[in-house]
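Please read this note with the structure open beside you.

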Amino acid sequence: MNTGGMQKDRGTGFPPSFLWGVAVASYQVEGGNLWSDWWEWERTPGHIKDASRNTIGCDFWNRYPYYLDLAKEIGLNAFRLSIEWGRVNPEKDRWSDEALTRYREIILACRERGMEPMVTLWHFTVPQWVSREGGWTNPETVDWFLAYVDKTVEALGDNVRFWITLNEPTIVLSSGYKTGVWPPGRKKDIVGFRQSRKNLIFCHCETFSRIKKKTPEAQVGIAVNITYNEPYRPWFPPDRALVFLANIQGDYAFLKRMQSHLDFIGLNYYFHNRLAFVFQPDTSFSAVKNENKIVSDFGWEVYPAGIAKVSWDLWQRFRKPIYITENGVADANMNDKLRSDFIRQHLLYLSRSIAQGVDVRGYFYWSLMDNFEWAEGFSYRSGLYAMDYEKQIAVPRQSSVETYRRIIAEHRISHGNLK
Ligand code: FCB
């Protein structure tokens, strides 16, 4: 059993060097990212469900000390954030040293508060100039992205020990090139999908090699979103076949292509799906039949056991350390029992996986505060802190903040914090 050299606590404990964090992403929290493709995308009617516009949003760009103080109060020892490519490289051949200096300050501000920064280089957005040149379908985008990586790693690398190259590339590929609900808004563009996929895989591998060459001690991984798929009728072979297909088409296949270029796997776990075969030749032959006993504000089924199933599966397949780089739930309620139960239950299952020998080394709740949720706009509320955007204040959702703080302080799931 490989525990990565870490000692484990009893049954429901976590390894001593476990990272406790929250995750945010630049476009979703910074505000003012007018050079990014999403900025234009949002401004086209119909693209964002609640018709909100991300102008300053949480204004993390200017008010990061305020938010990092809130994170510190929870007792976190890690903080996941991302760098906005469009800020660093707003126009072709124009680089913003000012933006890089600010990111350096943010990273140092994490360190000053005792939080290990985990830095993502690409969390969904590309600069508008890249998008005008064809975005990920254009092979030149690979060179442009790698130039951005070089600049960023040069400027920030001495203070970053954990890098994530790409966040959820397969989600962007399907939303951008299959369903078209995200930029670049192409529907059923199989050619675009394949080209972009190839370019993203190459970018991941090359970014890994470049960072390792420059700072061999850095840990470099990718963040993938893996659904726990189950057959609706386990005895029915077509349902089982759907699960098999969903798994091989999704991130497992993606990871397989890059497994020699990974120090760790970042797992974003949100979902569980029971898949049922249905006869509908015009679509995918697949229907989701969840029990939906407990759901988030957006109807997503809460299924804590899935975090253990997927972690186990990832560990069996790849034998790489795992960080839960995102896990969270949308619930606008200030009396947030759903969220505090969610955190407790997911961490309970995770601690059991660790006890079974799965090498999980950290957990990052999505998110510190409510923020801009892509096509859902600002209505999706997943924060440990509720945002009052007008007053620009973040108000604690007491029950969740307390629950997470207590688990972190105790470093285990005790009888008390299971109540
Ligand atoms: C994940 C994304 C993150 C956020 C959460 C709710 O898929 O990585 O940016 O949108 O979902």
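**Notes on a predicted model**

1. Start with E230. Leaving aside neighbours within four places in sequence, E230 is in contact with V243, H272, N273, R274, L275 and Y303. Keep in mind that this is a predicted model. E230 sits in strand β6, which runs over residues 228-231. Is E230 buried or exposed? Its relative accessible area is 16%. The cut-off for buried is under 20%, so E230 counts as buried. Its side chain also has a polar partner: a polar contact of 3.5 Å joins E230 to the side chain of R274.

2. Next, R361. This arginine belongs to strand β11, residues 360-365. R361 has a relative accessible area of 19%. That value is under the 20% cut-off, so R361 is buried. What does the side chain of R361 contact? It makes a polar contact of 2.9 Å with the side chain of D359.

3. Now R240. Look for R240 in helix α10, residues 237-249. Its relative accessibility is 43%. Buried residues lie under 20% and exposed ones over 50%, so R240 is partly exposed. Not counting residues up to four places away in sequence, R240 touches P231, P234 and W235. W300 gives a reference for distance: R240 and W300 are 60 residues apart in sequence, and their C-alpha atoms are 22 Å apart in space.

4. Helix α5 deserves a check of its length. The helix has 16 residues. From first C-alpha to last, α5 reaches 22 Å, close to the 22 Å expected at 1.5 Å a residue. Which residues of α5 are buried? They are A99, L100, Y103, I106, I107, A109 and C110. These buried residues pack against α1 (26-29), α3 (60-74), β2 (78-82), α4, β3 and α7. Just after α5 comes G114, with a positive phi of about 75°.

5. Helix α7 can be checked in the same manner. It covers residues 140-156, 17 residues in total. At 1.5 Å a residue, α7 should span 24 Å. The expected span takes 1.5 Å times one less than the number of residues. The end C-alpha atoms of α7 are 24 Å apart, so the model agrees with the expectation.

6. What of the buried side of α7? The buried residues are T141, V142, W144, F145, L146, Y148, V149, T152, V153 and L156. Which elements cover them? The cover includes α4 (85-88), α5 (97-112), β3 (116-122), α6 (128-132), β4 (162-167) and α9 (190-214).

7. Turn to the ligand. How many residues surround it? There are 13, and the closest are Q28, H123, N167, E168 and E373. By class, the shell divides into five nonpolar, five polar and three charged residues.

8. Last, the polar pairs at the ligand. Q28 places a polar side-chain atom 2.7 Å from an oxygen atom of the ligand. For E326, a polar side-chain atom lies 3.0 Å from a ligand oxygen. W374 has a side-chain N or O atom 3.1 Å from an oxygen atom of the ligand. How much of the ligand does the protein cover? On its own the ligand has 290 Å² of accessible area, and the protein covers 95% of that.

Key:
Residues numbered from 1 in each chain as written. Predicted model: local features only at pLDDT ≥ 70, side-chain atom pairs only at ≥ 80, totals over all residues. Heavy atoms only, no water. Helix = DSSP H or I, 4+ residues; strand = E, 2+ residues; numbered from the N terminus. Buried < 20%, exposed > 50% of the residue type's maximum accessible area, 1.4 Å probe, protein only. Contact = heavy atoms within 4.5 Å. Near = heavy atom within 4 Å. Polar contact = N/O pair within 3.5 Å; in protein donor to acceptor, adjacent residues only side chain to side chain. Areas by Shrake-Rupley, 256 points an atom, 1.4 Å probe, with all protein chains shown as cover. Nonpolar A, V, L, I, M, F, W, Y, C, P; charged D, E, K, R; others polar.
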